[in-house]
Amino acid sequence: MKFEYVLLALLSFRPYSGYDLRKWLEVEGQFLRSRAHHSQIYRLLGRMVTDGWVEFEVDPREGRPDAKLYRLTAEGRRVLLEWVRSPYEPPSRFQDVDFMSRFGFTVALDRQAAKVLVGTELEYRRAQVARFRGRPRTLRFEDPVPEVDPDMARAAFERMHEQGARSVDLWITWLEDTMRWLEAE
């Protein structure tokens, strides 16, 4: 997922300064992106102005530097909605940040696209569980270094598998509940 889509989606809610975008991402949006640096945000905003996706107005601040308040243009709105409605390809790892970002913003922008998104993720995860849940789980050891304890390694990987299975089952339950919620709205 490209970070500019997150910025466009945030700007669809209200105008933001670059500083306010960074503050929001550090607190409320921390699950969408880790460590968004202010230079990256300003660089993307500058490029999005050049591309015609956003525009800004200068907000004079007494005793502080003036701020630029960014807002979506019609072209930025078009690009954002194109992203929201574009096909989603689930990654092999569930609970990916791309899904969560798309979900959070897509629900607010296009409920039907949100249903498609959740349905795609749900179908993929169910198929993934069907394919891999009962697979043989073996670790092979051939001339390991002396420090390797094969029994402990097998036990650790089995514990990780058990936790992963519980987690993906909980994720599927959340997706099913979310789909019911979207269909009831």
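I looked up Phe13 and noted a relative accessibility of 45%, so Phe13 counts as partly exposed (buried means under 20% relative accessible area, exposed over 50%, partly exposed in between, with a 1.4 Å probe and protein chains only). Phe105, at 5%, counts as buried.

I recorded that this is a predicted model, in which local features need pLDDT of at least 70 and side-chain atom pairs count only at pLDDT 80 or more, while totals for chains, interfaces and linings use all residues. Residues are numbered from 1 along each chain as its sequence is written, and side-chain values use heavy atoms, without hydrogens and water.

I then examined the aromatic pairs, which come to ten. Rings of Phe, Tyr and Trp (its six-membered ring) pair if their centres lie within 6.5 Å; planes under 30 degrees apart count as stacked, over 60 as edge-to-face and the rest as tilted. The ring centres of Phe13 and Phe105 lie 5.7 Å apart with planes at 55°, so this pair is tilted. The pair joins distant parts of the chain, with Phe13 in helix 1 and Phe105 in helix 5, 92 residues apart. Helices are DSSP runs of H or I with at least four residues, numbered from the N terminus.

I next looked up the two helices. Helix 1 (residues 3-13) packs with helix 5 (residues 97-109) at an angle of about 30°, their axes 11 Å apart; axes are lines fitted to C-alpha atoms over the stretch in contact, and angles run from 0 to 180 degrees between N-to-C directions.
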